[in-house]
Amino acid sequence: MTLADTQDLSKAGAGDLAAALARREVSAVELFEAAVERIERLDGPINAVVVRDFDRAHGAAKAADAALARGERQPLLGVPMTVKEAFNVAGLPTTWGSLSNRDWVAPADAVGVARLKAAGAVILGKTNVPPFLADWQSANPVYGRTNNPLDLTRSPGGSSGGSAAALAAGMVPLEFGSDIGGSIRVPSAFCGVYGHKPSYGLIPTRGHAPPGIDGVSPALGVVGPMARSAADLALALDILAGPETDEAVGYGVHLPAPRHARLADYRVLMLDEHPLAPVDSEIRGALDRLARDLETEGPTVARSSDLLPDLAAAHGAYVTLLMTTVSRGGPPPPNLISAHGWMDALDAQLAVRRRWAALFEAFDVVIAPVLGVVAFPHIEEGEWGKRTLTLDGAQVSFGDQLAWPGLATLPNLPATAMPIGTTAGGLPIGVQIIGPYLEDRTTISFAGLLERR
């Protein structure tokens, strides 16, 4: 087992492991055993991998070894990973963190899960979420609370918090999450890993819905990969992207190449202020250092632009669409909008999308905070309206921070989250790299260029 003898498998990437498997330097069963050992040894206080499917995963690993021996090759053949609890995995429960769903077992895989399996991934189990994915924490009455592996007293983020925690703790090299209010980006930032919120509609969402619901994809919501490197995000995106079978009859996906191959050729807009959501001084400082570093390395860097949409007005449209979408199936909210109100909100969304498209004629990427705070201590208060966050020693509104994830969510844009430093206390500082619609390769590639600096 050459790779295992010379490299810490808890730090190896999915692509590196797939290459080592293809070279027969390590077996899929050995990788399975190493991942299970790490989960069983480390996960007690973290509580990230809450649904474990080790018996079937062992069988999948043995099947992968047999396929490799026959000369078969797939992008993830034999690579162990986990997926967010909200995805259907045939034969496993899908609860969305709700006691009312704890006995529901998925009859079939979600589209994304099926694609990962077809690419050879060995699914070890599922990672924790908050109830109905509605929090930047990951605690629920079914599986309990997930803690940030970098500081157990703090949130790993949500709703893909278990996913980010499993990555940060070295349990798995790859995860599959979802995002409508920062649910990939916030956990990535809190745990110091990488996550990609794809362009809306790029990856099918079927099989990612509360039990018993199988309808249209929700407005704004996307599903996407999480990893410990930009390269693994690109690898997973290639596997996951593209229309479902019935739509593929008429069209496919042909994402454009990254806008540039060199960091020096990029035109970058740095954004560290929002009229509705303050940003901690340590995060602003990290963004400023990054901007100054980039300025010395060649990219054109701007600190403001009149091409940006009205961020406050855009956030109002985002909240309207978001709250209407996530309240479906529950008690009608007090501000329930009419069908014509919904269409008006979609018109407002389109106007913002057009404004961003014009901005990306002048810039290639926008770098912004994921949230205005880093990983915060666990909050017991259940109502968002009663919660506060400590920012530079002052108490600020918890919910106002939705403005930062909403930047990319409302206009359906790709956004790649990555770490750029740490606070004085050692907590990760993450940013989101926002790019033009369907230019997902640009944001991931730019993150990779920053990663290799």
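**Helices, strands and single residues: how the terms apply**

Visitor: Why are H11 and H12 called oblique to each other?
Guide: Helix H11 (residues 311-326) and helix H12 (residues 339-362) pack at an angle of about 135°. Angles under 35 degrees count as roughly parallel, over 145 as roughly antiparallel, 65 to 115 as roughly perpendicular and the rest as oblique. H11 and H12 are therefore oblique to each other. Their axes are 9 Å apart; axes are lines fitted to C-alpha atoms, for helices over the stretch in contact, and angles run from 0 to 180 degrees between N-to-C directions.

Visitor: What kind of model is this, and how are its residues numbered?
Guide: The model is predicted: local features need pLDDT of at least 70, side-chain atom pairs count only at pLDDT 80 or more, and totals for chains, interfaces and linings use all residues. Residues are numbered from 1 along each chain as its sequence is written, and side-chain values use heavy atoms, with hydrogens and water left out.

Visitor: Which residues of H11 and H12 meet?
Guide: From H11, Ala314, Ala317, Thr320, Leu321, Thr324 and Thr325 meet Trp342, Ala345, Leu346, Ala348, Gln349 and Val352 of H12. Contact means heavy atoms within 4.5 Å. Helices (H or I, at least four residues) and strands (E, at least two) are DSSP runs, numbered from the N terminus.

Visitor: What makes strand S2 largely enclosed?
Guide: Buried means under 20% relative accessible area, exposed over 50%, partly exposed in between (1.4 Å probe, protein chains only). Five of the five residues of S2 (residues 80-84) are buried, so the strand is largely enclosed by the rest of the structure.

Visitor: How do you know that S2 pairs with S3?
Guide: Two strands pair if DSSP finds at least two bridges between them. Five bridges join S2 to strand S3 (residues 122-127), and these strands run parallel. Within the pair, Thr82 stands opposite Gly125 of S3.

Visitor: What makes strands S6 and S10 edge strands?
Guide: The eight-strand open sheet has the order S6-S8-S7-S14-S15-S11-S9-S10, with mixed pairing. S6 (174-179) and S10 (300-302) each have a single partner strand, so one side of each is left without a neighbour in the sheet. On average, neighbouring strands of this sheet are turned by 25° against each other, direction ignored.

Visitor: How do you know that S7 and S8 are paired?
Guide: Two bridges join S7 (residues 194-197) to S8 (residues 222-227), and the strands run antiparallel. Gly195 has Met226 in S8 as its bridge partner.

Visitor: Is Arg38 called buried or exposed, and why?
Guide: Arg38 is in helix H3 (residues 28-46). Its relative accessibility is 9%, so Arg38 counts as buried. Apart from neighbours within four places in sequence, Arg38 is in contact with Leu9, Ser10, Asp43, Gly170 and Met171.

Visitor: Why is Pro419 called partly exposed?
Guide: Pro419 has 23% relative accessibility, so this residue counts as partly exposed. Pro419 is placed in strand S14. With neighbours within four places in sequence left aside, its contacts are Gly192, Val193, Tyr194, Ile429 and Gly430. Ala189 is 230 residues from Pro419 in sequence and 6.2 Å from it in space, C-alpha to C-alpha.

Visitor: What is phi in Asp392, and why is this residue called partly exposed?
Guide: Asp392 has a positive phi of about 55° although it is not a glycine. Asp392 lies in the loop between strand S12 (388-391) and strand S13 (394-397). At 44% relative accessibility, Asp392 counts as partly exposed.
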